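Here's a quick tour of a predicted model, moving from a helix to the core and then to one strand residue. Have the viewer open as you read.

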Amino acid sequence: MQPAPLTMMLAFLDVQKWRPRPLRRQGRRIRLFTLEAGSCEGCAMELVSLGSSAYPLEGSGFQRVQHPEDADWLLVTGSVIRSCASALASAWEAMPAGRSLVAVGDCAYNGGLWKNNYATLGGLHALSRVYSSIPGCPPSPSAILQALVELAEGGSSSTGSQASSASRRRRQ
Amino acid sequence: MMTGSALPEGERIGLFHYRVTAEGWQRLLQQNARMMTFLAFWANEEWATALFLLEGEQPLLLSTAVEQGHYQAVSPYFPAAQWGERISRDLWGVEAWSALDDSPALDDGSWSLTAPLSANPLPVAEGGGQPLPRCRIEPSCTPVPGLLGIDYVLSDGVMQQVDIQIAAGHRGVLSRLIGLTPQEAMPLVSRISASGFVSHPLAFVRALEQAESRRIDPRERDRRLILLEVERMGLHLFDLAQMAHQAGAGLLASLYDHARETLAEVCTVHGLSRRLTDSISLEGKSGVEAIIPFVQAVIQGIRPRMEQIRPLARLFDGRLKGVAAVPTDVAWEYALGGVIGRASGRYLDMRYMDEGVRPQAMGGAGRHEGDAWARNRQCLAEIEESLKILERMTADYGQESEGQAVPRTDEGLGVAEGPRGDVWYHVVLKEGRLASVQIRDPMLPLLSVLGSVLEGHEPEQLGLVLASLGVSPAGVAL
């Protein structure tokens, strides 16, 4: 077994070797608050992965924050469960002016396979006209990042593939 | 230990299924409280049903009639049944006499219908009901990907009287599934929990195959087993990364994250989805045609990563000693499965019951310490074990196995040993459609003990405790 300092150094070098290259974009740092609204947790887990060192989220000009009061964009995953509607509304109300709402994944956009029923209201598509969306079930972290960069630069989408494109409706 | 033949008053109505009178129900529960392992409970307006595990890991379904909306509770004899009793009351409006806990589990008044699965659901006020009761950590703020509310009293700086709430995550899954054909249900079942993109649909498909008396060819059987192991590695890497992150071992967390992304990349390159969503097929081929090259790529991608991770993990895992210990007797009493059970001395692994299992490649890895340190080591050991199983399968892929055809009963019970424990599905078919479906996710027994495991920890440790237990409410809030 190799000594501890050597183990640490090799691990550090390995992480450096695999350090992802950031996606360059213009403009200020955008602060993201994520909110799970009811799903299989697949999209939420991909957002966790996006926040890991395997993806250059911070290097690409984004920052995850712990409170909606500090956020510029609200990233929602899951079709909105009735019980979560008030949490979603509270988070949105708490955000400062210039805020944006982004539906991450098919469920958050239009309910995906989990449409409206006694427990679920469905996707943001049916609840609000003020949102952007990132399709996928679940979208990959790289697709989410690509879409966030496109949205930040004011583009309406489009890397060509459905999985990596973002559609933008309006921003409030 | 009791066996099916020791049920003189029971009417056998299925392969593992007996119906008993109310008196017989109570007598069996009393007499066998220490002799059977309780797995799950559910009740609709007609029948209350409990799922047990007998000697040799043989399942037993025991049902009794629900009379005028009531039945005798199971929870006084098997405390793990309380969540099933609460959920049954919320969904079907049936109540258990003498239940340990009769508070709402899913419905705290926020639905537009009460008892939505009953024959005559009751509507409430237009626009839905009331917001969920407030708790100290709101469901969307708990440090897990899903929706889990946690309430507690802070006493001397640690959490006490912890209450776990899952209502916020209820999606009405069962109401959507009932009445569908199996083909229609598959996409939904494949998205019940991201902790089981393979294990949930696999348990469902196995239940259907038993119900319809269908047998699969050995290659399809092996493709499914391969996907199950790949999912296990991916979820274990996720849990290990979260544990390392929460323990302040950022460098180690990075290695886990990179390893998991390597696995996702291999899946994508070989034509699968990153997390194996929709990879299990009901009647066609699961996974991909060229499954052996896929397996080889997985091994080549993950093995060198694990060699890097292993020494670093041992440097850091001392930080996890003594955190969130689950005693061995609790693991057995509540049938805690997966890594939690096997790190706590309950070495049960339902993979040994799978047709085509490669026991030669399985090391029977298990620990007894029961804390986060043990679970961390168990996860690592199981990834190594999965690699051995995959290697073995490349050598004898599609080997014939002896399996017996069972008679068609239109009722099936399927199990798959998922990354976080055994996933069970019970289905009843009527005219080719799902007349009933019940799901037992490994999170269900954990709910019963999670509060006591959290007690005594500082609130700042919450993220580490939950990560070490692999907490994921999506499979139980349903």
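Helix H2 (residues 42-50) of chain A is largely enclosed by the rest of the structure, because 9 of its 9 residues are buried. Here "buried" means 20 or more other C-beta atoms within 10 Å of a residue's own, with 12 or fewer counting as exposed, anything in between as partly exposed, and C-beta atoms placed from the backbone. Helices (H or I, at least four residues) and strands (E, at least two) are DSSP runs numbered from the N terminus. Among the buried residues of H2(A) are A:Cys43, A:Glu46 and A:Ser49.

Now for the core. The largest nonpolar core has 201 residues, and A:Leu74, A:Val76, A:Val102, A:Val104, B:Tyr256 and B:Leu263 touch the most other members. Helix H6 (residues 218-246) of chain B gives the most to this core, 13 residues. Such a core is a set of buried Ala, Val, Leu, Ile, Met, Phe, Trp, Tyr and Cys residues joined through C-beta atoms within 7 Å.

B:Ala40 sits in strand E3 (residues 37-43) of chain B. Its C-alpha is 21 Å from that of B:Arg191, 151 residues along the chain.

| Residue | Contacts, including |
|---|---|
| A:Leu74 | A:Phe33, A:Trp92, A:Met95 |
| B:Ala40 | B:Leu51, B:Trp424, B:Leu444 |

Residues are numbered from 1 along each chain as its sequence is written, and chains are lettered from A and ligands numbered from 1 in the order written. In this predicted model, local features need pLDDT of at least 70, side-chain atom pairs count only at pLDDT 80 or more, and totals for chains, interfaces and linings use all residues.

Key: Two residues are in contact if their C-beta atoms, placed from the backbone, lie within 7 Å. Lists of a residue's contacts leave out its neighbours within four places in sequence.
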